[in-house]
Amino acid sequence: MTSPSQILRQIRTTADSFSDRIRLDFPYLKTYPNLCYLDAASTTQKPQCVIDAINYYYTTSNANAHRGVYMLSELSSNILEQARENIARHIGASPEEIIFTRGTTESLNIVAQSFLRSQLSTGDTILLSGVEHHANVVPWQVIAQEKNSTITYIPVDEEGNLNLPSARELINQKPRLISLTHISNVLGTTTPIEEIVNLAQKNHIPVCIDGAQAIGHQKVNVRDLGCDFYAFSGHKAYGPMGVGVLYINKKWHDQISPFLGGGGMIEEVDLQSSSYREMPYRLEAGTQSIADIHGLKVAIDYLNSIGIETINSHEIALTVYALDKMLNIPGINILGPLKNRTAPIISFTIADLHPHDLATILDSKNIAVRAGHHCSQHTMKRFSVTATLRTSFAAYNSHAEIDHLIDSIYYAKNLFSKK
Amino acid sequence: MNSLLELYQDTIIEHSQSPRRSGRLSAPTCSARGNNPLCGDKVDLDVLLSNDKIEDVRCTTSGCAISTAAASIMAEEIFGKTVKEALETVDNFIQALKTGDDTFKDTSELKVFCSVSQYPTRVKCATLPWTTLKKALTDIES
């Protein structure tokens, strides 16, 4: 019979042969062979194919898209539209529902400014959750203040899960829009989007999802989720920085006003006013960062070539392994659930060792982790902490890196033991 | 000594674990709050002046070891100084940390912060109590 420790060893061997293979694709490990980069939730490292894609675009296809009649411009337009098509297919949308933005933050600001702002009036509410990233709080505050509206928050329980009875009650009060994170960037908890959408649809309330932490780690299908808007960044899914996506369900397209005015988004410009193009171009003023958009397409292709489910199982195995080791550390306080993790994010504090000091000590041991409030001060307040240390994993991370993390936490504790 | 051990030398850890002059004053001459929005560190500072001299000072810090120790050692350092002397020390300290010069190398407890300048992301932690003090004292002067 196989013993539990033999099974664990087997899981580890399989996982390590997976990450060993993946690590060959990531040139940051050639530059820093000993670096344990455990900050995927901030940004993932980039595989060589994505870096090459940017180079390829500027070497072979650089011209402004949708502007020239010459061959190179057509090539560039094709690259742009091919990326739109592939990304649409990847998340179960139609190409015209995909708007290229600079990232999740810009995408959410577009929903606030170009969709909700004109519909919002005095006394209206916007519904968020208590664990949102500032990018899914501040854009709504900007328009709520202007329109004398208020923001309400769905509370979360001790493990960080949405309180569904409260959600039901708040949704029945008919907010003008619900905007929720898909996965909390602090706790790694997953929002039960289908259930929320179900309640929202009964009340005809549009639902917007901040998918920044989901897109690189699990299969996302906007039709299955049933949401109206879905925002994400490329750089958290192995793609370049400065490019992101906003999915807008077709049914809202005639209610979208321009975000930025300029070239590429107009039909006709008169002296006093202009008419605007159809979606998605109405929201894409100016020259797009086509090289980065192409890089994002290649990143998504890369994800699919490995298989996002395979990546997810690897990351969850690492998360379970890390949690198990962390629980033995005296004075540790782990935020979020201890079991049934669905995302590779762990936030924690250690008694008498401030996260910033711990992060500096870990840095001296070649470990890159994030310390601070993670752009979510609401979450910090909810769990009565001012800052946490956050470790987050991607396909290239290994069990050995987690062992090194745990050893280094003990080293830091020892350094700080009472003088 | 490696630079990490220099950063977290015993004096800094000891001050962070038992900060001096912590708490609040019931009737301060001036007060200020310092915030580091990027990391959430907070300092509340109360100063009691008598004839332009710092007669008492209290700091309450919520933050990392570097900012807590900086507040503790600062409070001891400026105690008994005139406002002018204290403000000079503030400027010298901030300047030393930003440029990495060794103004404090052989003088006073402040020398334990010399190595912070090698950690640019942590300079703000060490200077937070000092910029807060400057805010409090400048308010009085104006």
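A:P280 sits in the loop between β10 (274–276) and α10 of chain A, where helices (H or I, at least four residues) and strands (E, at least two) are DSSP runs, numbered from the N terminus. The peptide bond that joins A:M279 to A:P280 is cis, with omega at about 5°. This is a predicted model, in which local features need pLDDT of at least 70 and side-chain atom pairs count only at pLDDT 80 or more, while totals for chains, interfaces and linings use all residues. Residues are numbered from 1 along each chain as its sequence is written, chains are lettered from A and ligands numbered from 1 in the order in which they are written, and side-chain values use heavy atoms, with hydrogens and water left out.

Two further backbone features concern phi. Most residues other than glycine have a negative phi, and most peptide bonds are trans. A:Y238, in the loop between β7 (229–233) and β8 (244–248) of chain A, has a positive phi near 75° without being a glycine. B:D52, placed in the loop between β2 (41–50) and β3 (53–62) of chain B, also is not a glycine and has a positive phi of about 70°. A:Y238 is buried, with a relative accessible area of 1%, whereas B:D52 is partly exposed at 44%; buried means under 20% relative accessible area, exposed over 50%, and partly exposed in between (1.4 Å probe, protein chains only).

The loop between β6 (207–210) and α9 (222–225) of chain A holds A:I215, and A:H217 has its place in the loop between β6 and α9 as well. A:I215 is buried, with a relative accessible area of 0%, and A:H217 is buried with 4%. Leaving aside residues up to four places away in sequence, A:I215 touches A:I91, A:V220, A:F232, A:S233, A:A237, A:L303 and A:I308, a contact being heavy atoms within 4.5 Å. With that exclusion, the contacts of A:H217 are A:K236, A:I308, A:N312, A:E315, A:P344 and A:F393. From C-alpha to C-alpha, A:I215 and A:L116 are 24 Å apart in space and 99 residues apart in sequence, while A:H217 and A:S184 are 13 Å apart in space and 33 residues apart in sequence.

Helix α10 (residues 290–306) of chain A contains A:K297, which is buried with a relative accessible area of 15%. Beyond residues up to four places away in sequence, A:K297 touches A:Q82, A:A83, A:N86 and A:I87.

Helix α14 (residues 399–415) of chain A has 17 residues and reaches 25 Å from its first C-alpha to its last, close to the 24 Å expected at 1.5 Å a residue, the expected span being 1.5 Å times one less than the number of residues. Its buried residues include A:I402, A:L405, A:I406, A:I409 and A:A412. An α-helix has 3.6 residues a turn, so residues three or four places apart point the same way.

At the level of whole chains, chain A has 14 helices and 15 strands, and chain B has five helices and three strands, following the pattern α-α-β-β-β-α-α-α along the sequence. The radius of gyration of chain B is 14 Å, close to the 14 Å that the globule rule gives for 142 residues, so chain B is as compact as a globular protein of that length; the radius is taken over C-alpha atoms, and the rule is 2.2 Å times the number of residues to the power 0.38. For chain A, with 419 residues, the radius of gyration is 22 Å, in agreement with the value near 22 Å for a compact globule.

| Property | Chain and value |
|---|---|
| C-alpha extent along principal axes | chain A, about 75 × 55 × 50 Å |
| C-alpha extent along principal axes | chain B, roughly 45 × 25 × 25 Å |
| Buried residues | chain A, 59% of 419 residues |
| Buried residues | chain B, 48% of 142 residues |

Among contacts in chain A between residues at least 6 apart in sequence, 70% join residues at least 24 apart; in chain B, residues 24 or more positions apart account for 63% of the contacts with a separation of 6 or more.
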